[in-house]
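Let's walk through this model together, one feature at a time. Keep the sequence and the 3D view side by side as you read.

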Amino acid sequence: MTIKNRHSVFDCRRIFFLIGGLEAILIRIQLWKPLNNFVSADMFNELLTMHGTTMIFLAAMPLLFALMNAIIPLQIGARDVAFPFLNSLGFWTFLFGGLLLNVSWFTGGAPDAGWTSYVPLAGTTYSGDHGVDYYVIGLQIAGIGTLLGGINFMATIINMRAPGMSFMRMPMFTWTVFITSALILFAFPALTVGLAALMFDRLFDANFFNPANGGNTILWEHIFWIFGHPEVYILILPAFGIISEVVCTFSRKRLFGYSSMVFATMLIGFLGFMVWAHHMFTTGLGPVANALFSIATMLIAVPTGIKIFNWIFTMWGGSIRFTTASLFAIGFIPTFVMGGVTGVMLAAAPADFQYHDSYFVVAHFHYVIVGGLIMGIFAGLHYWWPKMFGRMLNETIGKITFVTFFIGFHMTFFVQHFLGLLGMPRRIWTYLDGLGFNGLNLISTIGAILMGIGTVAFLINIVITAAKPRNAADDPWEDGRTLEWAISSPAPEYNFAQTPLVRGYDALWKEKMDGNKGMTPAEPLGSIHMPSPSILPFIMSVGLFIAGFGFMYHNYYIGAAGLIIMFACMVIRSVKDDHGFHIEPDELQGKGVKA
Amino acid sequence: MSAHSHADGKLPHEPEKATLEGRNKVLGFWLFLGGETVLFGTLFSAFLALRHQVGEGNPTGQELFQLPLVALATFLLLTSSLTSVFAIQAMHRQQTKQLISWLVITVLLGLGFLILEIYEFYHYVHEGHGFTTSAFSSSFYTLVGFHGAHVLFGICWISLLIGQLMKKGLTVITAPKVYVSAMYWHFIDVVWVFIFTVVYLMGKVG
Amino acid sequence: MCLSLYVIVKFRRRRGDNTIPVQVEGNHKLEIVWTVIPIILLIILGVPTVQSVFGLSKDYSKDPDAVQVIVTSHQYWWEFEYPQFGIKTAQEMVIPTNAKIAIETKSGDVKHSFWIPALAGKIDSNAGANVNTMYFEAPKPGVYLGKCAELCGPSHALMDFKVKAVDEASFDRWIAALKEPVELPADPAVREAFVSKCLSCHAVGDQGGMIYPNLTGIGSRETVGGILVNTDDAKYANEGTVYENLKRWIEDPDKIKPGNGMGKVALTEQELDGIAKYLSELKLDY
Amino acid sequence: MAADNHTLTEERPRRHRLEGPQKHVIAFIFSVVLTLLAFALVMSGEMNETFIYIMLVTMAILQVIIQMAFWMHMKDRGHLFPIIGILAVPSSHLPVSLWHFIGFGGKQPIHN
Ligand code: HEA
Ligand code: HEA
Ligand code: CUA
Ligand SMILES: [Cu+2]
């Protein structure tokens, strides 16, 4: 349940992307013409809330986590992550949190107050049914998983690097994951508190956000965005990492300005905590706050710009190969720049008075998220697929995916800039005729369907590939630079039979250039200690799931029972020592040993 | 039973860091505490934002808080922090018996703290300061209650570890757990320093 | 973008090319250049930003020369109170051209956001929190579309209003007209229904309640409910004559604005017809 | 548990021999004194509010630094790096948020 799962859990996570995408398609179908009646107003708000929530929390982050899980230990030459048990626990809590959230569709109404769930709309007075309860509790449970993941990756990267792998020799993807994990660690607890307070308000009549009893609605906005803004960098930084790897490999060149890249990543992470109020320019925080947060936000353009130029100069003078992964990475760069530049436009508070909560914002964040993050994930999936599953994805279908997705993407979201400028607010379930919104919305809807086709092409690719033999080479792109390409595809359970000795940045590339066949081992062949699989994380998550339902429906016995299940598992885990098992040298297939 | 734990000779000097698992645990726990800092920071922020929202006719903090009681609770918790340090020192000297005794004292002090807090809450509710009374009361109980829940968790956890120490003795597996639980306990103490400052003392001032 | 295109074309790998490019580590000069240029750009952008932040935050809410309007948002309608003139209206804000309009926003329930895309940026109306101020000016007479920009429930999409900018003389006439007493329906049956079933919430002239939209002058407004556009030359599904629109609205408000606070009022066909007719003739002269 | 004593004292690294209880008792006394001072300050009343606030917060921070330094093993090997990292971020962004909540953030949210 630990290492093996690392790869197979993939599919569960992908499903959420499909669900979120399906919701997006339904949103777009409703909006394809004015005064459409495809879904009701209530239904639309549910779709929109669940689309945002699912995509951010259940699709994008877990997909990134899947990549991190598969690749980080390999890149730093570790056998596994630092806490395999937590890893598994994080996965299950995330899954059950996501399930709980989606159960709401079948129990009389999904959450419908937007993914930001602003109070008092999300309070009991105006959302009396259980929809928002599902949001609060589902995200709380899923959030635990994310937090555990963050701690796990940080500890892994700090403590488990192979000999010689100093911080400044770490691959860029590892670096970005490291910073992302730190952001998770410092951002998610704020969300935890916010959700807990909202939960207390909703379930136990607390007054945090209830103005009638002195509560403050703006407090929720602050707490949500103190978490929410770092969250968007949590999403994008790993994508930056993926792009760095892919661009280098397929340009056959060393990353331009590695140390400035590292520095820029840290700076983005740090500044990310200082800018949350740019989502609240119209809330009325006063000119001093608006001015300061405007400037702080704009500053982020500087380190991000450094990254963009470094990528371009990595390609400069390189020898670029256009595989699907590389296409996605190259498509990423101009797309993300557009999203970033609109971000800087939004950052100017007076201008944001006009843009805020209009489709201009929708266009901005889909450019950075779909054009940035999702393209990055696609690049990463195509790039590392052979390493994860031992099979190369079909390049022709891959290119079809790229073309349809890329064109569809720009069709969908480019026109939304203009919709916003024309005065179309976001989160509207329909719009009146005669306002000049019709044509652009139609284009946008067609684009969304194209994106859907692109996604389906990718699914087909996966299915076709799964039927083929596992014959990917260790270094299938031939220009692999980092450690993961030094071992077999797919990576064996224990990753490295012998921990490799890292002699420089781009460890494998260095060996290649020095004419070596592979990595030099840092230790003699010996027996490998492995943790035993455990069912406890699963049971714990089930306990939380049950507890969530119990509290939601005010059945405190069931709630308590769920919590007891969880704590009992913790006790068992603490009392029972896990001695693990050993893989002896003669059991290691020759395949994994590359010394 | 100690014979079993020391079967392969003696323990290393810092048993909590002797194995990679142990080192991971200590580091991971530090990180976890970093997250907890943000958690409590946010709770403090929420409390600060709402602490004057008492509402008509409800008791204010100034009227409610009884500083002698809080001072006593503070003293108990501070002392327990000291005894948990002694426990770790005993562990480094590999005196399992002393280690266990110090841990027991720590738990008892923590329990005392918790009882005082429960008494205090009980008293407040009688004064008309319930969880749902006002924004101030909700944020007060949430902040102080979160801390109290942490204390409770710590008590249960350390008790469990005492049991394990008695059964398995001090090993490279139990040592990191003890070490980490002591870190946790100090952290609770540190949070309390801010609670009595921000909630009680500042509340008394107005 | 051009740069990246150039790079992609110039440095693509040609078939059979197996050379290994030079492994450049970085270039300090270049890196400094592309750190400094964005900084300069941002300074150019930042200075006017800060200036206009402070410029836009000027508070005219105490200025006697400005027209003060207290905007209160409700699910899903807008109330406009003119404290200087002691009047209140709904859904349609009439303003004089070329005067500073000083807005104060409040909310009657959840958070909304007040936005007239063609005239000014938006400002939130917070629920139980700070009251925000904003000011704007309409240089040209005309009718401007206003919107709610913050998700506030199912009919958030339909929470539109109109801003009608008129010259100063008309504005004064409008204020005077709004204060005039209003005749109730002549037909006793219709009057009885109107008074008992409508005026429990609404007001016309000095009669009825004031916490729901004031219906005085509804017949001369641009819209009914903010979204049914009154016109004799209907082109779209949301257009019709005042009478048609009123009838449509009163018959089943929920069909037009899901979840609104009026709900279906039980009326006979005659009452419905009579009230709609009466209201459509309730015009203000200005 | 007689076996506990079989560890040879000579083999213990120096640091541990020096790490007697005295240091910790001193830290403890410091903490108690600071706490008592804080309580006394408030209970005595009759003083400028702002002054008391500043004093209280200063003493709390002082106490936490002392506790961290002595009790959370800050000075132990390999702890410095993670601790600096772990504390840097929250402590850098908490003031920003506190600044907002307590007072200066432009128009304050008011109660109705
Ligand atoms: C992955 C996610 C992601 C990323 C990376 C970003 C990046 C940025 N975002 Fe975005 N943002 C979101 C996701 C993201 N955002 C989401 C989801 C929302 C909406 C939430 C909601 O309300 O539902 C949002 C909303 C949002 C707002 C609030 C809008 C509103 O509601 O009114 C603002 C305002 O300042 C903003 C700004 C920025 C800025 C300045 C950046 C910067 O980081 C961008 C920096 C990048 C560049 C600038 C490009 C590269 C730089 C150069 C080539 C150098 C030269 C350029 C210049 C000198 C300009 N974003
Ligand atoms: C990671 C984040 C993410 C991603 C990837 C996307 C992806 C997409 N988003 Fe989303 N979006 C958000 C995050 C994201 N969005 C957020 C946070 C909001 C704000 C919510 C709020 O206001 O509260 C939002 C809001 C939002 C709106 C505005 C709604 C409104 O304000 O009224 C729109 C409208 O066009 C939209 C469209 C799309 C589209 C067309 C895609 C496409 O890229 C999707 C492409 C994917 C597919 C098309 C999948 C295809 C799959 C199938 C066809 C198979 C289906 C089968 C099975 C389920 C088995 N999104
Ligand atoms: Cu009111 Cu949206
Ligand atoms: Cu942001």
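Chain B and chain A bury about 2,800 Å² between them, and 73% of that area is on carbon and sulfur atoms. Buried area here is the accessible area, taken with a 1.4 Å probe, that two parts lose on being put together, summed over both. Across this interface of chain B and chain A, zero salt bridges are found, but nine residue pairs are in polar contact, both residues at pLDDT 80 or more. A polar contact is a pair of N or O atoms within 3.5 Å; within protein, one must be able to donate a hydrogen and the other to accept it, and residues adjacent in sequence count only if both atoms are side-chain atoms.

On the side of chain B that touches chain A, the elements giving two or more residues are α2 (20-50) and α6 (135-168) of chain B. Of these, α2(B) gives the most, with 18 residues. That side of chain B divides into 17 nonpolar, 13 polar and five charged residues. For this count, Ala, Val, Leu, Ile, Met, Phe, Trp, Tyr, Cys and Pro are nonpolar, Asp, Glu, Lys and Arg are charged, and the others, Gly among them, are polar. In total, 35 residues of chain B are in contact with 35 residues of chain A, where contact means heavy atoms within 4.5 Å.

A word on how to read all this: the model is predicted, so local features need pLDDT of at least 70 and side-chain atom pairs count only at pLDDT 80 or more, while totals for chains, interfaces and linings use all residues. Residues are numbered from 1 along each chain as its sequence is written, chains are lettered from A and ligands numbered from 1 in the order in which they are written, and side-chain values use heavy atoms, with hydrogens and water left out.

Now turn to the metal in chain A. The copper ion (ligand 4) is coordinated by A:His229 through ND1, and by A:His278 and A:His279 through NE2, at 1.8 to 2.1 Å. Donors are N, O and S atoms within 2.8 Å of the metal (3.2 Å for Na, K and Ca); water is not among the atoms, so sites may look incomplete. Along the chain, the donors of the copper ion (ligand 4) follow the spacing H-x48-H-H. A:His229 lies in helix α7 (residues 217-251) of chain A and A:His278 in the loop between α8 (258-271) and α9 (287-299), so the pair ties together parts that are 49 residues apart in sequence. Helices are DSSP runs of H or I with at least four residues, numbered from the N terminus. Both A:His229 and A:His278 are buried, meaning under 20% relative accessible area, with exposed being over 50% and partly exposed in between (1.4 Å probe, protein chains only). The copper ion (ligand 4) is 4.5 Å from the iron atom of ligand 1.

A:Lys399 pairs with A:Glu395 in a salt bridge, their closest N and O atoms 3.8 Å apart. Both lie in helix α14 (residues 395-421) of chain A, four residues apart, about one turn of the helix. In chain C, C:Asp273 forms a salt bridge with C:Lys247 at 3.2 Å between the closest N and O atoms. A network of salt bridges links A:Glu221, C:Lys111 and C:Asp124.

Key. Salt bridge = Lys/Arg side-chain N within 4 Å of Asp/Glu carboxyl O.
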